[in-house]
Amino acid sequence: MGTAGRSVRESLLDAAADLLVERGYRAVRMRDVASAAGVSRQTVYNEFGDKWGLAQAVVIRDNERYLDGIDAVLSEHADLYSAVVAAVTFTLETSADDQLKKAVLTGAGGDEMLPLLTTQAEPVLFSASARIAEHALRQWPDLDRAALTEIADAAVRLTMSHIMLPSGPPEVFAHFVARMVTAYMAAPRQ
């Protein structure tokens, strides 16, 4: 069905995200998502397979929206250091206000979704690292692709770790990551 300009999939993802935040994973039923989106329960199953597939799709879509913001932040900076500081700061500030991430990380309604950002986070981590590296290579084409790919992955993983267990103030952490990235990129390659 879908509504003006929105696909059925987007309507389902919006409904699921709202319900996951409101009730937690354990209390969300596929029929509730279907009802909220104005479709049949079978439509939800056809689109996502099962509740885990639906939750994973919600988290991946949330990550893509976050990466759109990262693209904008990176584009505002002429040098790599300030771009990294801004991107990490954006990440930490956005995550602090993100109700869906809070629901996943705190285990609201059960901790079943936590693996989507930890032990089963490959789709989120891979897309974040790859997209950030590709953006940086477009903006700074002289950077070493292999080194940037490695350090982008490390920076993303380190930042996700900081989101889950902060090790200090966001601005201090952002500068630490920027120093790490720029030092790594400046180091001679063997």
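The legends below describe an overview and several close-up views of a predicted model.

Figure 1. The predicted model shows a protein chain with 9 helices and 0 strands. Read from the N terminus, its elements follow the order α-α-α-α-α-α-α-α-α. Of the 190 residues in the protein chain, 45% are buried. When contacts between residues at least 6 apart in sequence are considered, 67% of them join residues at least 24 apart.

**Figure 2. Helix H1 and the residue that follows.** Helix H1 covers residues 8-23. The buried residues of H1 are Val-8, Ser-11, Leu-12, Leu-13, Ala-15, Ala-16, Ala-17, Leu-19 and Leu-20. Just after H1, Gly-24 adopts a positive phi of about 90°.

**Figure 3. Packing of helix H2 against helix H3.** Two packed helices are described by the angle between their axes and by the distance between those axes. Helix H2 (residues 30-37) and helix H3 (residues 41-48) pack at an angle of about 105°, and their axes lie 8 Å apart. H2 is therefore roughly perpendicular to H3. On the H2 side, Met-30, Arg-31, Val-33 and Ala-34 take part, and they meet Arg-41, Val-44 and Tyr-45 of H3. The residues of this contact comprise 5 nonpolar, no polar and 2 charged.

Figure 4. Phe-48 belongs to helix H3. Its relative accessibility is 10%, and Phe-48 therefore counts as buried, since the cut-off for a buried residue is under 20%. Apart from neighbours within four places in sequence, Phe-48 is in contact with Arg-9, Leu-12, Leu-13, Gly-53, Leu-54 and Ala-57.

**Figure 5. Asp-62 in helix H4.** Asp-62 is part of helix H4, which covers residues 51-75. With a relative accessibility of 18%, Asp-62 counts as buried. Setting aside neighbours within four places in sequence, Asp-62 is in contact with Asp-98, Leu-100 and Lys-101.

**Figure 6. Helix H5 and its start.** Helix H5 covers residues 80-97. At 1.5 Å a residue, its 18 residues should span 26 Å, and the separation of 26 Å between its end C-alpha atoms agrees with this expectation. At the start of H5, a side-chain oxygen of Asp-79 comes to within 3.4 Å of the backbone nitrogen of Tyr-81. The buried residues of H5 are Leu-80, Ala-83, Val-84, Val-85, Ala-86, Ala-87, Val-88, Thr-89, Thr-91, Leu-92 and Ser-95.

Figure 7. Val-181 is located in helix H9 (residues 170-186). A relative accessible area of 5% places Val-181 among the buried residues. Beyond its neighbours within four places in sequence, Val-181 is in contact with Leu-80, Val-84, Ile-151 and Ala-155. Leu-80 and Val-84 are buried residues of H5. The C-alpha atom of Val-181 is separated by 8.9 Å from that of Ala-154, a residue 27 residues apart from Val-181 along the chain.

Methods. Residues are numbered from 1 along each chain as its sequence is written. This is a predicted model: local features need pLDDT of at least 70, side-chain atom pairs count only at pLDDT 80 or more; totals for chains, interfaces and linings use all residues. Side-chain values use heavy atoms; hydrogens and water are left out. Helices (H or I, at least four residues) and strands (E, at least two) are DSSP runs, numbered from the N terminus. The expected span of a helix is 1.5 Å times one less than its number of residues. Buried means under 20% relative accessible area, exposed over 50%, partly exposed in between (1.4 Å probe, protein chains only). A polar contact is a pair of N or O atoms within 3.5 Å; within protein, one must be able to donate a hydrogen and the other to accept it, and residues adjacent in sequence count only if both atoms are side-chain atoms. Axes are lines fitted to C-alpha atoms, for helices over the stretch in contact, and angles run from 0 to 180 degrees between N-to-C directions. Angles under 35 degrees count as roughly parallel, over 145 as roughly antiparallel, 65 to 115 as roughly perpendicular and the rest as oblique. Contact means heavy atoms within 4.5 Å. Ala, Val, Leu, Ile, Met, Phe, Trp, Tyr, Cys and Pro count as nonpolar, Asp, Glu, Lys and Arg as charged, and the others, Gly among them, as polar.
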